There are 2 protein chains.
Amino acid sequence: MPNSPDRSQAITETVTRYIATVTDGSADDLAAFYADDATLEDPVGGEVHIGTNAIRSFYSSVTGVQRDCELVTLRVSGNEAAFHFRLTITAGDNKMRIEPIETMVFDSDGKVTAMKAYWSPADVTQL
Amino acid sequence: MPNSPDRSQAITETVTRYIATVTDGSADDLAAFYADDATLEDPVGGEVHIGTNAIRSFYSSVTGVQRDCELVTLRVSGNEAAFHFRLTITAGDNKMRIEPIETMVFDSDGKVTAMKAYWSPADVTQL
């Protein structure tokens, strides 16, 4: 069975918490979603960050600005999720919007083992 | 560089042709998008179809009904794409809509080497 309702609901809740944490959480809070040996590729085609230390460091570079994040579309399939979300970043007078599609693979503890973010500079809108 | 404009444009054009081919193409037409040793997982968590023969066979099972497919959101990142699309299927008096998010990895010839489709029965709407 690709989908069990319980697992699907647990993944939905985790992604919802992740989106809320991108808005107002710390790098530690965001790294806590990941398994110890997880990989993070953001954007896809760029550097792959391996392990929670590298992942925390990645998030440290993006949590210094004001963020607002909302989920647009979520699909849960097996142990994985794909979702489109809208991230608005404010840094001083500069405001911009990015709408990536991300995929996440979850282990049996509900931790993310692999995250990939699909976006490019062409998807960034200055507001 | 995660994204070169030429590669990004070529992937955009391929995904656009793929969506049009899901609407009115044959299983052969759809299998032609894939590299010889490609993998197709649709839905994610289900069986992984390996190689163009298995992929053609997979598409044969879905090309017997009237389909209408449109692209909703596309992100191209490195050699990969993620896209949300809307598929309306009509079989006799039964009409339904599925809106998966798919990811595709492309090789240097522009062929798909891996496709994953994220959706579950919860995402199917009877019209």
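Predicted model: local features only at pLDDT ≥ 70, side-chain atom pairs only at ≥ 80, totals over all residues.
Colleague: How many residues does the largest nonpolar core have?
Modeller: A nonpolar core is a set of buried Ala, Val, Leu, Ile, Met, Phe, Trp, Tyr and Cys residues joined through side-chain atoms within 4.5 Å, where buried means under 20% relative accessible area, exposed over 50% and partly exposed in between, with a 1.4 Å probe and protein chains only. In the largest one, the residues with the most contacts inside the core include V15(B), Y18(B), F83(B) and M115(B). Elements that give two or more residues to this core include α1 (5–24), α3 (52–60) and β4 (80–91) of chain B, helices (H or I, at least four residues) and strands (E, at least two) being DSSP runs numbered from the N terminus. The size of this largest core is 29 residues.

Colleague: How many residues are in the other core that lies apart from it?
Modeller: This other core counts Y59(A), C69(A), V76(A) and I98(A) among its residues. Its size is 28 residues.

Colleague: Which residue of chain A does F83(B) touch?
Modeller: Contact means heavy atoms within 4.5 Å, and residues up to four places away in sequence are not counted for F83(B). Among the chain B residues that F83(B) touches are V15(B), Y18(B), L71(B) and M104(B).

Colleague: What area do chain B and chain A bury between them?
Modeller: The contact involves 26 residues of chain B and 26 residues of chain A. Buried area is the accessible area (1.4 Å probe) that two parts lose on being put together, summed over both, and 59% of it here is on carbon and sulfur atoms. R75(B), I101(B) and Y118(B) supply 31% of the area that chain B buries against chain A, more than any other three residues. The area buried between the two chains is about 1900 Å².

Colleague: Which element gives the largest share of the side of chain B that touches chain A?
Modeller: Across this interface the rule finds 12 residue pairs in polar contact, both residues at pLDDT 80 or more; a polar contact is a pair of N or O atoms within 3.5 Å, where within protein one must be able to donate a hydrogen and the other to accept it, and residues adjacent in sequence count only if both atoms are side-chain atoms. At least two residues of the touching side come from each of β3, β4, β6 and β7 of chain B. The largest share, five residues, comes from β4(B).

Colleague: At what distance do the side chains of D123(B) and R75(A) meet?
Modeller: A salt bridge is a side-chain nitrogen of Lys or Arg within 4 Å of a carboxyl oxygen of Asp or Glu, and the interface holds four of them by this rule. D123(B) counts as buried at 16% relative accessibility, and R75(A) is buried with a relative accessible area of 11%. Their N to O distance is 3.6 Å.

Colleague: Which residue forms a salt bridge with R56(B)?
Modeller: R56(B) is in helix α3 of chain B, and its partner, 28 residues apart, is in helix α2 of chain B. R56(B) counts as partly exposed at 29% relative accessibility, and the two side chains meet at 2.7 Å, N to O. The partner is D28(B).

Colleague: Why does L74(A) count as buried?
Modeller: L74(A) has its place in strand β3 (residues 66–77) of chain A, and the residues that it touches, not counting those up to four places away in sequence, are T12(A), V15(A), A81(A), A82(A) and F83(A). L74(A) counts as buried because its relative accessibility is 17%.

How values were computed
Residues numbered from 1 in each chain as written. Chains lettered and ligands numbered in written order. Heavy atoms only, no water.
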